[in-house]
Amino acid sequence: MLQDLTHSNISKFQVSEFILMGFPGIHAWQHWFSLPLALLYLLALTANILILVTIKQEATLRQPMYYFLGILAVVDMGLATTIMPKILAILWFSAKAISLPECFAQMYVIHCFVGMESGIFVCMAIDRFVAICRPLRYPSIVTDSFVVKATMFMALRNTLTTIPVPVLAAQRHYCSQNQIEHCLCSNLGVTLLSCDDRTINSIYQLLLAWTLMGSDLGLIFLSYVLILHSVLKLNSAEAASKALSTCTSHLILILFFYTIIVVISITHSAAMTVPLIPVLLNVLHNVIPPALPHGVCTQEQGAQAGLV
């Protein structure tokens, strides 16, 4: 009787805030991560601002490919800024508390930006496909209007389809534990603390990953298969090399982006005994890609100048 009453009281209790503990297993010396993470964040901001300024000032870069690159720069800065200030506050000032609304809002914004980044990769892959496989029709297909419509579609797709993620997480009952072994409010990390059934959360997360990320990755893969098929039919080795060079840096970003997502999913589902690995990969996945595009602009500028 007393045990039932105690259990009932606990189940009715709702925590008012979460505690982001940081990197699991290394709480005593995790502050040493702050310097490289801060440098990566500054590099990401500087590199992407430089991309935007360069695209604006250089008239030769006012083309759809570079418009997509500029949109990717904005998305990357938004993603990094969503998580890095809080992570640095945890590491520098032990500011680990975060209210439930703030946590769910961060969860939503992260999902939106990650989905948007994936969508822009698709747009860039389509741009490269048309430029290499249909070069004569490129100016009439990939227009400024195409860039605007594609960007609006991706923005609407990601803002609407990710709404259920924080909504479903907010409907869970958090009655006892409030310590999240993470640096940010990930959907899996938060819902693991719930006292009720979270099956619907897991199902929607899986469905979202397969429908959004899966379809994006499929379109990107198809685009590059067709690009490779077209390039192999070129008679000139120089032309083939120039065509492939416009895709190299894009492929590097794509491989890093999706490989880390797959690894994080596998490590979470495998319930690893070293939880530091998926958490560290998750943080690096959100801060390293924004720091990389500064090398993409210069490489593709030289390569594309002779192609399109």
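1. Axes are lines fitted to C-alpha atoms, for helices over the stretch in contact, and the angles between N-to-C directions run from 0 to 180 degrees. Helices (H or I, at least four residues) and strands (E, at least two) are DSSP runs that are numbered from the N terminus. This is a predicted model, in which local features need pLDDT of at least 70 and side-chain atom pairs count only at pLDDT 80 or more, while totals for chains, interfaces and linings use all residues. Residues are numbered from 1 along each chain as its sequence is written, and side-chain values use heavy atoms, with hydrogens and water left out.

2. On the chain as a whole, the protein chain holds twelve helices and three strands. Of its 308 residues, 46% count as buried, where buried means under 20% relative accessible area, exposed means over 50%, and partly exposed lies in between (1.4 Å probe, protein chains only). Contact means heavy atoms within 4.5 Å; among contacts in the protein chain between residues at least 6 apart in sequence, 82% join residues at least 24 apart.

3. The next points concern helix pairs. Two packed helices are described by the angle between their axes and the distance between the axes. The axes of helix H4 (residues 100–133) and helix H7 (residues 164–171) come within 8 Å and cross at roughly 155 degrees. H4 and H7 are therefore roughly antiparallel to each other, given that angles under 35 degrees count as roughly parallel, over 145 as roughly antiparallel, 65 to 115 as roughly perpendicular and the rest as oblique. The crossing of H4 and H7 is right-handed; a crossing is left-handed if the near helix is turned anticlockwise from the far one by less than a right angle, and right-handed if clockwise. On the side of H4 the contact is made by Phe104, Met107, Tyr108 and His111, and on the side of H7 by Val165, Pro166, Ala169 and Ala170. These residues divide into seven nonpolar, one polar and no charged, where Ala, Val, Leu, Ile, Met, Phe, Trp, Tyr, Cys and Pro count as nonpolar, Asp, Glu, Lys and Arg as charged, and the others, Gly among them, as polar.

4. Alanine 169, which was named in that contact, is found in helix H7 and is buried, with a relative accessible area of 0%. Not counting residues up to four places away in sequence, alanine 169 touches Phe104, Met107, Tyr174, Asn187, Thr191 and Asn201. Alanine 169 and leucine 188 are 19 residues apart in sequence, and their C-alpha atoms are 9.3 Å apart in space.

5. Helix H2 (residues 34–57) and H3 pack at an angle of about 155 degrees, with their axes 9 Å apart, and H2 and H3 are therefore roughly antiparallel to each other. H2 passes H3 in a left-handed crossing, and the residues of this contact divide into 21 nonpolar, four polar and one charged.

6. The axes of H3 and helix H11 (residues 276–291) come within 9 Å and cross at roughly 130 degrees, and that makes H3 oblique to H11. The crossing of H3 and H11 is left-handed. H3 contributes Asp76, Leu79, Ala80, Ile83, Met84 and Ile87 to the contact, and H11 contributes Val283, Asn286, Val287, Pro289 and Pro290; by class, these residues are nine nonpolar, one polar and one charged.

7. Turning to the strands, three of them form an open sheet in the order S2-S1-S3, with mixed pairing, where two strands pair if DSSP finds at least two bridges between them. Strand S2 (97–99) and strand S3 (179–180) stand at the edges, each with a single partner strand, so one side of each is left without a neighbour in the sheet. Strand S1 (residues 17–20) and S2 pair in the antiparallel sense over three bridges; glutamate 17 has serine 99 of S2 as its bridge partner, and isoleucine 19 stands opposite alanine 97 in S2. S1 and S3 run parallel and are joined by two bridges, and leucine 20 stands opposite isoleucine 180 in S3. H4 lies across S1, S2 and S3, running at about 85 degrees to S2.

8. Serine 94, in the loop between helix H3 (64–93) and S2, is exposed, with a relative accessible area of 51%, and has a positive phi of about 55 degrees although it is not a glycine.
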